[in-house]
Amino acid sequence: MTLSPRECVAQETRTLLRHLGYTAQVSVSEKALPDDRIEFHCDIQVTDGQHLLIGQHGANLQALLHLLRLLTRAALPERAVLSIDVNHYFAEKRSFLEQEALRALKEVIQTGLPLALRPMVAYERKLIHTLLANHAQVTTESVGSDDDRKVLIRLRGQNPSAEASLGEE
């Protein structure tokens, strides 16, 4: 019997987690994206060891996602997007980051001054850039290097200032 892509993702996720020593409830949903791609979202619920499974800033979760992509790539459509979440970690993180970005957006619009957010990992910066990408009044860019990369929010048309003169949230 051939498994559907959704069933394959669920089965491979359960198997991988079992090998890692986790007992988990796994559900996979399918969603059509605007650009003719399909997202397969894997929601994982564990009762013990969630912090180790997620890792610092979601690093272990990103590694788990990478492994799952390798394990399922033959079963998924060519332009499929695979995402995972453990105990709603990414959903809660996304909500927190959106609130942080909107507070900073309001401050930039009110003061007219550019604002650099706290240092963030690539995933977090991408969320901020995506959230504000189509905003009529501001633009974003990543500044800094290595572990000190931040999102800079400034008014559109405003010349980039020297990084040292930026206000920090």
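**Figure 1. The enclosed strand β3.** Of the 6 residues of β3, 5 are buried (under 20% relative accessible area, with exposed meaning over 50% and partly exposed in between, for a 1.4 Å probe and protein chains only), so this strand is largely enclosed by the rest of the structure. Strands here are DSSP runs of E with at least two residues, helices are runs of H or I with at least four, and both are numbered from the N terminus. The model is a predicted one, in which local features need pLDDT of at least 70 and side-chain atom pairs count only at pLDDT 80 or more, whereas totals for chains, interfaces and linings use all residues. Residues are numbered from 1 along each chain as its sequence is written, and side-chain values use heavy atoms, with hydrogens and water left out.

**Figure 2. The three-stranded open sheet.** The order of the 3 strands in this open sheet is β1-β2-β3, with mixed pairing, where two strands pair if DSSP finds at least two bridges between them. Because β1 (24–32) and β3 (81–86) each have a single partner strand, they stand at the edges, and one side of each is left without a neighbour in the sheet. From one strand to the next, the twist averages 20°, with axes taken as lines fitted to C-alpha atoms (for helices over the stretch in contact) and angles running from 0 to 180 degrees between N-to-C directions. The parallel pairing of β2 (residues 38–46) with β3 extends over 6 bridges, and I44 has V86 in β3 as its bridge partner. Helix α1 (residues 5–19) packs on the sheet, where it touches β1, β2 and β3, and its direction makes about 150° with that of β1; contact means heavy atoms within 4.5 Å.

Figure 3. P5 has its place in helix α1 and, because its relative accessibility is 25%, counts as partly exposed. When residues up to four places away in sequence are not counted, P5 touches F40, A75, L76 and P77. Of these, A75 is 70 residues from P5 in sequence, yet the two C-alpha atoms are 5.5 Å apart in space.

**Figure 4. The crossing of helices α4 and α5.** The axes of α4 (residues 89–111) and α5 (residues 122–132) come within 10 Å and cross at roughly 55°. The two helices are therefore oblique to each other, the class left over when angles under 35 degrees count as roughly parallel, over 145 as roughly antiparallel and 65 to 115 as roughly perpendicular. From α4, the residues F90, K93, R94, L97, E98, A101, L102 and L105 meet Y123, E124, L127, I128, L131 and L132 of α5. By class, this contact has 10 nonpolar, no polar and 4 charged residues, where Ala, Val, Leu, Ile, Met, Phe, Trp, Tyr, Cys and Pro count as nonpolar, Asp, Glu, Lys and Arg as charged, and the others, Gly among them, as polar.

**Figure 5. E100 in helix α4.** E100 has its place in helix α4 and counts as buried because its relative accessibility is 4%. Along the chain E100 lies 23 residues from P77, and the C-alpha atoms of these two residues are separated by 35 Å.

**Figure 6. The chain as a whole.** The secondary structure comes to 5 helices and 7 strands, which follow the pattern α-β-β-α-α-β-α-β-α-β-β-β when read along the sequence. The C-alpha trace spans about 60 × 35 × 25 Å along its principal axes, and 36% of the 169 residues count as buried.
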